[in-house]
Amino acid sequence: FLSVILPSLLPSLTQADAPPVLLPGSAPEWLRFACQELSENPAFLADGLPRLRELSGRSDGHLTRALKEATGQTPTEFINELRLFRAALLLTTT
């Protein structure tokens with residue numbers, strides 16, 4: 001998911017940039033909101049799955065199904081991609 005676009009995006013990013021969350025327009029609004037909030041706040045990202053679950057307001061099963069359908073990734077895979085993106089961003093900008 002992000003690993004495909006990461007190499008092309010890194011040169012143009014600044015430290016303040018959050019990882020892009022590319023969910024399709026067909027993804028539920030609650031899911032797009034939760035993923036965007038998670039990606040934009042480093043403290044939320046550090047909290048990981050419990051925070052994503054809290055932001056979504058949905059059960060584990062529902063969150064997993066919706067995210068898998070939208071991105072092809074489990075919540076853990078999605079969070080790990082965001083964390084890797086953030087780490088790469090910090091390594092290239094600080």
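**Helix packing: α2 against α4**

Visitor: Which hand does the crossing of α2 and α4 have?
Guide: The α2 and α4 crossing is right-handed. Bear in mind that this is a predicted model.

Visitor: At what angle do those two axes cross, and within what distance do they come?
Guide: The angle is roughly 140°. The axes of α2, residues 29-40, and α4, residues 49-56, come within 8 Å.

Visitor: So what does that make α2 relative to α4?
Guide: Oblique. Roughly antiparallel would need an angle over 145 degrees, so the α2 and α4 pair is classed as oblique.

Visitor: Which residues meet there?
Guide: From α2, Trp30, Phe33, Ala34, Cys35, Glu37 and Leu38. They meet Arg51, Leu52, Leu55 and Ser56 of α4.

Visitor: How do the residues of that contact divide: nonpolar, polar, charged?
Guide: Seven are nonpolar, one is polar and two are charged.

Visitor: Switching to the whole chain. How many helices and strands?
Guide: Six helices and zero strands. Along the sequence the pattern reads α-α-α-α-α-α.

Visitor: What share of the residues is buried?
Guide: Of the 94 residues in the protein chain, 37% are buried.

Visitor: And the accessible surface, what does that come to?
Guide: About 5,200 Å² for the protein chain. Carbon and sulfur atoms account for 57% of that surface.

Visitor: Last one, on contacts. Taking residues at least 6 apart in sequence, what percentage of contacts join residues at least 24 apart?
Guide: For the protein chain, 56% of those contacts do.

How values were computed
Residues numbered from 1 in each chain as written. Predicted model: local features only at pLDDT ≥ 70, side-chain atom pairs only at ≥ 80, totals over all residues. Heavy atoms only, no water. Axes fitted to C-alpha atoms, helices over the stretch in contact; angles between N-to-C directions. Helix = DSSP H or I, 4+ residues; strand = E, 2+ residues; numbered from the N terminus. Parallel < 35°, antiparallel > 145°, perpendicular 65-115°, else oblique. Left-handed = near helix turned anticlockwise from the far one by under 90°. Contact = heavy atoms within 4.5 Å. Nonpolar A, V, L, I, M, F, W, Y, C, P; charged D, E, K, R; others polar. Buried < 20%, exposed > 50% of the residue type's maximum accessible area, 1.4 Å probe, protein only. Areas by Shrake-Rupley, 256 points an atom, 1.4 Å probe, with all protein chains shown as cover.
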